[in-house]
Amino acid sequence: MNATMYLYSVQEKYADAFAKNFTVVLLGVIIISINGMFVLTFFKSSAFYNDPRYILYIHLVINDMLMVFFSVSLVVMAYAWQNVPLPFCVLLLVITAAAHKNTPLTLAGMAVERYIAICKPLHHHQICTVRRTYILISLIWGVGVIPGLTDLIVLSVFRPLSVFSTAASCSASRVYATPNNEIQTRFMNGLYSSVVWLILVFTYCQVLVAARKASADKSSARKAQRTILLHGAQLLLCMLSYITAVVDKMFVPLIPAERAKLAFLNYLLTNILPRLLTPLIYGVRDKLFYKHMKGLFSSRLFTVKVEAIKQTHH
C-alpha cells in the first residue's frame, strides 16, 4: 500500500513538473515568435531606422524576448539541471535581472520622447536624434545591470570566493541567500519604480496641458496621452512581479497545500504574460508599423502560395 502511494506520488510530481514546463515553454515560444514578427518588420523596413520612437519600441520588444528566453530557461533548469556551475548561473541571473529592469526604463524613455514630440515639437529633431537614442539604450542597459552586479558583489563579500567553484540549483533566492539581499532588492525595486512613475506622471501631465492649448496639435496630443497611459498600464503589469512575495505571503497561509501551484500561477501572471501584451499594445495600434507588417507578411504568404502552385504544376 505504502509502495503504491509512493509510486503515485512520484508519478504525480513528474506529471505536475511536465505540465508546468510544457506551459512555460509553449508560452515562451509563442511570445518570442510574435515579438520576432515585429523585429523582422522593423529590420525589413528602412522607414523605421531614423525614428527614435520606433528604435525605442523595437528595443523594448527585443529586451522582452531576451527576458522571456532567459526566464523560461531558468524555470526549466530548476527541474532538469540541479547542479548548475555557479559562474554560469550568476551570468544568467544578471542578464535576466537586467532585462527585467530594462522594461520600465525603456517605457520611461518612450514617454519622454512623446513628451518632447508634443511639448517641444520644434526641438524634437535636435534633441531626439538616432545617435542619442542608441546612447540612451546603452545607458538603460548600464543602469539595468546595476542590481544584478550589486547582488554579485554582495555575494562575493558575504561568501568565500571558493563558492564560485561550486554547483547548485540556479535561482536567485538560493544563490543570493545573504542577510542583506532581500532589503537591497526591495530598495532597488522601490527606487526604479518610483523614478519611472515620476517620469510617466510628469510627461502625462505635460502632454495633457499641451492638449488643452489651442495652439497644440490636439489629435497628436491625444494620441500621445493614450500612449503614455498605455505605458502606465504596461508598467503596472511589469510591477506585479515586485509584489510576488507579498501575494505569496497573503495567499499561501490560506491554501498551504497549493503553494507550488500558486507560485507558478503568480510567475505566469507577473513575468510571462505581460510580455505578450507589449507588441500587441504598441505595434498593432501603430498604423505605420501595422501597415508595414501586413505588407511584409502578406507578400511572403503570397510568395509561398505561388511557389506551392508552381511545384504542383511541375
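The questions and answers below concern a predicted model.

Reader: How are Phe 18 and Phe 22 placed in helix H1, and what is the angle between the planes of this aromatic pair?

Author: Both residues lie in helix H1 (residues 2-44), 4 residues apart, about one turn of the helix. A pair of aromatic rings is described by the distance of the centres and the angle of the planes. For Phe 18 and Phe 22 the centres are 6.0 Å apart, and the pair counts as stacked because planes under 30 degrees apart are given that name. The angle between the planes is 20°.

Reader: Is Phe 18 buried or exposed?

Author: A residue is called exposed when its relative accessible area is over 50%. Phe 18 has a relative accessible area of 58%, so Phe 18 is exposed.

Reader: Which aromatic cluster includes Phe 42 and Phe 48?

Author: Phe 42 and Phe 48 form a stacked pair, with 6.2 Å from centre to centre and 15° between the planes. Both of these residues are buried. They belong to one aromatic cluster, formed by Phe 42, Phe 43, Phe 48, Tyr 49 and Tyr 54.

Reader: Which residue has its backbone oxygen 3.0 Å from a polar atom of the Thr 203 side chain?

Author: Thr 203 is found in helix H8 (residues 181-212). Its relative accessibility is 1%, so Thr 203 counts as buried. The backbone oxygen at 3.0 Å from a polar atom of the Thr 203 side chain belongs to Leu 200.

Notes:
Residues numbered from 1 in each chain as written. Predicted model: local features only at pLDDT ≥ 70, side-chain atom pairs only at ≥ 80, totals over all residues. Heavy atoms only, no water. Phe/Tyr/Trp six-rings, centres within 6.5 Å; stacked < 30°, edge-to-face > 60°. Helix = DSSP H or I, 4+ residues; strand = E, 2+ residues; numbered from the N terminus. Buried < 20%, exposed > 50% of the residue type's maximum accessible area, 1.4 Å probe, protein only. Polar contact = N/O pair within 3.5 Å; in protein donor to acceptor, adjacent residues only side chain to side chain.
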